[in-house]
Amino acid sequence: MSDIQTIKDRIDIVQFISEYIQLKKAGVHWKGCCPFHQEKTPSFMVQPDRQFYHCFGCGKGGDIFNFVQEMEGLEFVEALKLLAERAGVKIDTFKSEINKSEKNRILEINKMASYFFNKFLTEMDASQKARDYLLERGMKMETIKEWQVGYIPDQWELLIKYLLKKGFGIEDIVSSGLAIKKDNANSSTGKGYYDRFRGRIMFPISNVHGDIVGFTGRVLIETEKSGGKYVNTPQTLIFDKSRLMFGLDRSKMEIRSKDSAVLVEGQMDVITAHQAGMKNVVAASGTALTIEHVKLLKRYTNNISIAFDTDEAGLKASKRGIDIALQEGMNIKVITIPDGCGKDADECIKKDKQIWFDAVKNATGIMEWYFSINLDKLDLSSPKDKQHSAENILSEIIIIPYAIERDHWFKELSERINVDIDTLKVEAQRIDNQNNKLNYIQDTEEEKPKNNILPVKDRYLLDVENLWAVLVKYPNLFIKYNEQIKDTLFDSTWLLAIYELAKTQYNDNNRIDFDELGLKLSEEIKNNFNILLLQADEFYNMEPEKDLERTFLSILKRVEEGNKKKNISKQII
Ligand SMILES: [Zn+2]
């Protein structure tokens with residue numbers, strides 16, 4: 001059996017795709033909203049027996065390899081590496097191609113560097129200070145191993161030398177972000193390059209699959225030359241911090257089973273929370289919450305509790321992400337750490353982990369929280385202040401996609417500031433118009449989304465495919481209308497091959513078995529045929545056979561007419 005088939009057999013396609021979107025069982029297949037185009041009613045199907053997916057909305061489909069390539073923007077060999085590792089399959093074929101991919105090489109470099117940093121921290125005498133620092137901050141030795149926390153001493157070429165010795169190329173090491181190239185660098189001698197991370201505690205950052213894609217380095221002893229307190233891997237082929245959530249690879253299943261995610265500020269907060277036993281905790285490391293982060297989290301839950309920087313500056317930075325989450329209909333809560341119990345999750349847990357657990361449990365809904373920060377200290381006798389505070393709240397209310405919920409908040413606001421509800425609605429409309437104008441300006445500046453709507457198939461081919469979708473559901477119709485179903489009806493379509501196999505089968509055995517027939521198809525036709533079977537299950541499953549026969553006859557008529565028209569236009573040409 002080929003490596004690819006082994007991988008497909010070992011990975012459950014439903015489970016795998018469920019890590020990206022929420023799927024529900026629907027008969028023999030699974031159904032969900034397509035991740036490749038915008039939709040509200042699900043038309044994305046996954047067929048576990050035949051190991052493929054198909055979207056009836058945008059036409060995208062294929063096997064697990066196509067899915068992960070499309071979803072993660074990977075080349076085939078990159079998808080192969082990812083899936084092979086997940087399936088525990090050692091690849092013999094494609095090996096040289098896998099190494100040809102720059103992304104794969106950078107992944108390997110990161111893995112090796114992480115191993116080096118962790119080994120250095122846990123085993124070398126030179127790391128005593130770093131170990132003391134972490135233990136003092138309450139990090140256990142087993143946590144250090146589990147999260148592969150590491151250390152690199154303050155030298156210029158330690159990591160570069162190690163990686164070169166392991167056989168990696170200097171240009172790849174630069175591309176991984178771990179080395180910096182000087183102007184006078186010489187790639188053949190390896191001179192003129194230096195380590196980006198020096199004298200730092202190293203936190204590896206993984207993507208959602210658990211591959212290490214970059215690092216955050218925290219300086220151990222701050223000096224004038226040490227640069228910033230935190231240094232991150234720069235943007236690379238595999239590292240984009242606006243699309244990465246620290247800890248998500250370890251938390252995703254817990255987030256799904258708890259149906260809630262806790263969002264904290266930094267890596268230490270995540271690690272400390274996990275160590276304390278709260279395992280649905282992630283961080284948007286080194287950046288404010290982005291739309292991409294929200295999309296990532298939405299794969300697993302609709303409930304997010306946020307515990308970072310709810311002061312004005314921090315809130316402003318994350319507001320776009322929070323607004324997007326609200327627009328997506330997600331429930332956002334704000335975690336407030338009581339005064340005197342630390343400024344972040346890490347400090348709070350160290351003080352008393354029960355306080356942190358309670359704070360998470362008692363998190364306030366984001367709307368209540370907006371009400372509270374805008375109204376608690378408001379002087380109701382000042383019309384200007386009233387206007388200003390009401391504007392802040394109204395611009396949040398109008399984002400909520402649900403009318404009843406919006407109405408609830410209009411009423412609440414009306415009572416709190418003693419303003420007529422209709423006046424509030426008029427004002428909300430004004431703010432909405434103004435925002436739309438602003439959004440319009442922003443949207444035209446941003447990259448336009450790719451148009452991935454299904455190319456219009458010709459009407460005739462659609463009819464032919466529909467005809468066969470009915471036939472595979474009710475093969476008896478093929479026998480009953482054997483005389484009318486002629487090869488000339490399909491002569492320019494892929495279904496001619498199916499027709500011929502079916503005809504032979506019928507002539508030889510006096511019966512039709514489409515499962516058996518499917519085994520004889522070439523790879524390309526088999527894909528089309530699988531989609532046809534899915535279509536049959538999806539659209540012609542519930543109809544009683546009598547209705548189906550009527551449907552069949554009307555489609556057959558359309559096919560005959562379509563075929564006639566085609567032949568005429570061919571003659572004219
Ligand atoms: Zn789609």
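1. Start with a strand pairing. S4 and strand S5 (residues 61–62) run antiparallel and share two bridges. This is a predicted model. Within the pairing, Tyr-53 has Gly-62 of S5 as its bridge partner. Five residues separate S4 and S5 in their hairpin. In that turn, Gly-59 has a positive phi of about 85 degrees.

2. Now look to the other partner of S4. Strand S3 (residues 44–47) pairs with S4, again in the antiparallel sense. Here there are four bridges. Val-46 is bridged to Tyr-53 of S4. The hairpin of S3 and S4 has four residues between the strands. Gln-51 in this hairpin takes a positive phi near 55 degrees.

3. Are the faces of S4 covered or open? Both faces of S4 (residues 52–55) are covered. On one side, Phe-52 and His-54 are buried. On the other, Tyr-53 and Cys-55 are buried.

4. Next, a helix pair. Helix H17 (residues 366–375) and helix H18 (residues 383–397) have axes that come within 9 Å and cross at roughly 170 degrees. H17 is therefore roughly antiparallel to H18. From H17, the contact involves Met-367, Tyr-370, Phe-371, Asn-374 and Leu-375. They meet Ser-389, Asn-392, Ile-393 and Glu-396 in H18. By type, the residues of this contact are five nonpolar, three polar and one charged.

5. How do helix H21 (residues 459–473) and helix H25 (residues 523–539) pack? Their axes lie 8 Å apart, at an angle of about 75 degrees. H21 and H25 are therefore roughly perpendicular to each other. H21 brings Glu-465, Trp-468, Ala-469, Val-472 and Lys-473 to the contact. H25 meets them with Leu-532, Leu-533, Gln-535, Ala-536 and Phe-539. The residues of this contact divide into seven nonpolar, one polar and two charged.

6. Finally, confidence. The chain has a mean pLDDT of 87. Of its residues, 94% reach 70 or more. Where does pLDDT stay under 50? That stretch is residues 443–456. For these residues the model has seven contacts beyond four places in sequence. Where pLDDT is low, predicted coordinates should not be read in detail.

Conventions. Residues are numbered from 1 along each chain as its sequence is written. This is a predicted model: local features need pLDDT of at least 70, side-chain atom pairs count only at pLDDT 80 or more; totals for chains, interfaces and linings use all residues. pLDDT is the predictor's confidence in each residue, from 0 to 100. Two residues are in contact if their C-beta atoms, placed from the backbone, lie within 7 Å. A residue is buried if 20 or more other C-beta atoms lie within 10 Å of its own, exposed if 12 or fewer, and partly exposed in between; C-beta atoms are placed from the backbone. Two strands pair if DSSP finds at least two bridges between them. Axes are lines fitted to C-alpha atoms, for helices over the stretch in contact, and angles run from 0 to 180 degrees between N-to-C directions. Angles under 35 degrees count as roughly parallel, over 145 as roughly antiparallel, 65 to 115 as roughly perpendicular and the rest as oblique. Ala, Val, Leu, Ile, Met, Phe, Trp, Tyr, Cys and Pro count as nonpolar, Asp, Glu, Lys and Arg as charged, and the others, Gly among them, as polar.
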